[in-house]
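Dear colleague,

Please find the structure below, with its sequence. The notes that follow set out what was found in it.

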Amino acid sequence: MLRLKDKVAIVTGGGRGIGRAISLAFSLEGANVVIAARSLSHLNETSEEIRSQNGNVLAIPTDVSNEQQVKEMVYKTIKEFGRIDILVNNSGIIGPISPVVDMNLNAWNETLAINLTGAMLCSREVLKHMIPHKRGNIINIVSEGGRLGDGRGGRPERGAYCCSKMGLIGLTETLSVEVGPYGIRVNAISPGAVSGERIDHLLKIKAKDMGISLDELKAKTFKNYSLGRIVEESEVS
């Protein structure tokens, strides 16, 4: 039995990475999937994949940090499908790799705008449709970088990213209390490192700074993971 048959799910950052994997998985479970992201090329590629598995998809180019674009994305979803059952706030960027003392304010603001404010805007707009129907599910993709870091509550040179993800955990907890009485669930998924372009980019920079090979750094980084390895995007979905 398809667990999401006829449900309507919005996935931000749905064009690649974890968002793409979630979109494909939702489609296989019968959902009508709306994918929103800034990159039109990635949206088109994922849309074709979903259609190839006989899924129903609507791709909407959206900058989640732009209030008007978020409103238009939600409006188009309602116009096309008449309802919203699920929102996955997955859009996110790496942000600046810099100690706070050298932080560029524009890079800081951009990271919080996309990773945190974007999730607030998307949640705010879909809740206007979920609350009257007393149903819905919001899932925020956070990060262990926003919870534990290296056991010290943060990660050096990742201040903007960690703060944005810590904030997203706070938003998750706040929303769950606010909208729980309406039958709407709000949860967060907090992966460690996930295979893909983003982690490869970060590890290459770190390996260069440490003067070791990428393979050496990976072995050192992942040896203490529960699985002893990095997780795949499909495992998160």
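**Pockets and cavities**

The residues that line the second largest pocket divide into 4 nonpolar, 3 polar and 4 charged. In this count, Ala, Val, Leu, Ile, Met, Phe, Trp, Tyr, Cys and Pro are nonpolar, Asp, Glu, Lys and Arg are charged, and the others, Gly among them, are polar. The model is a predicted one, in which local features need pLDDT of at least 70 and side-chain atom pairs count only at pLDDT 80 or more, while totals for chains, interfaces and linings use all residues. Residues are numbered from 1 along each chain as its sequence is written, and side-chain values use heavy atoms, with hydrogens and water left out.

The second largest pocket has a volume of about 200 Å³. Its lining includes Leu4, Lys7, Phe26, Asp85 and Ile86, and also Arg135, Gly136, Asn137, Ile139, Gly183 and Arg185. The largest share of this lining, 3 residues, comes from strand E5. A pocket is found on a 1 Å grid over the protein atoms alone, as an open set of points with protein on both sides within 12 Å along at least five of seven lines; a cavity is a set of points where a 1.4 Å probe fits but cannot get out, and lining residues have an atom within 4 Å of a point. Grid points are joined across faces, edges and corners, and a volume is the space filled by probe spheres set on the points.

By this rule there is 1 cavity of 30 Å³ or more. The largest cavity has a volume of about 50 Å³. Of the 13 residues that line the largest cavity, Thr12, Asn89, Asn90, Ser91 and Ala119 are the closest to its centre. Helices H4 and H5 each supply at least two residues of that lining, and H4 gives the most, with 5 residues. By class, the lining of the largest cavity has 6 nonpolar, 6 polar and 1 charged residues.

**The sheet and its helices**

How are the strands arranged? An open sheet of 6 strands has the order E3-E2-E1-E4-E5-E6, with parallel pairing. Strand E3 (56–61) and strand E6 (184–189) are the edge strands, each pairing on one side only. From one strand to the next, the twist averages 15°. Helices (H or I, at least four residues) and strands (E, at least two) are DSSP runs, numbered from the N terminus, and two strands pair if DSSP finds at least two bridges between them.

Strand E1 (residues 8–12) and strand E4 (residues 86–89) run parallel and are joined by 3 bridges. Ile10 has Leu87 as its bridge partner in E4.

Helix H4 (residues 105–133) packs on the sheet, touching E1, E4, strand E5 (136–141) and E6, and its direction makes about 175° with that of E4. Helix H5 (residues 159–179) also packs on the sheet, touching E5 and E6, and its direction makes about 160° with that of E6. Contact means heavy atoms within 4.5 Å. Axes are lines fitted to C-alpha atoms, for helices over the stretch in contact, and angles run from 0 to 180 degrees between N-to-C directions.

E4 is also joined to E5, by 4 bridges, and these two strands run parallel. The bridge partner of Leu87 in E5 is Ile138. Both faces of E4 are covered: Ile86 and Val88 on one side, and Leu87 and Asn89 on the other, are all buried. Buried means under 20% relative accessible area, exposed over 50%, and partly exposed in between (1.4 Å probe, protein chains only).

**Individual residues**

Thr12 is found in strand E1 and counts as buried, at 1% relative accessibility. Leaving out residues up to four places away in sequence, Thr12 touches Ala36, Val64, Leu87, Val88, Asn89, Asn90, Ser91 and Cys122.

Thr77 lies in helix H3 (residues 67–81) and is buried, with a relative accessible area of 0%. With the exception of residues up to four places away in sequence, Thr77 touches Val8, Ile10, Val34, Ile60, Gly82, Arg83 and Ile84.

Which residues have a positive phi although they are not glycines? One of them is Asn54, at about 65°, in the loop between helix H2 (40–52) and E3. Another is Lys134, at about 55°, in the loop between H4 and E5. Asn54 is exposed, with a relative accessible area of 74%, and Lys134 is exposed, with 58%.

With kind regards
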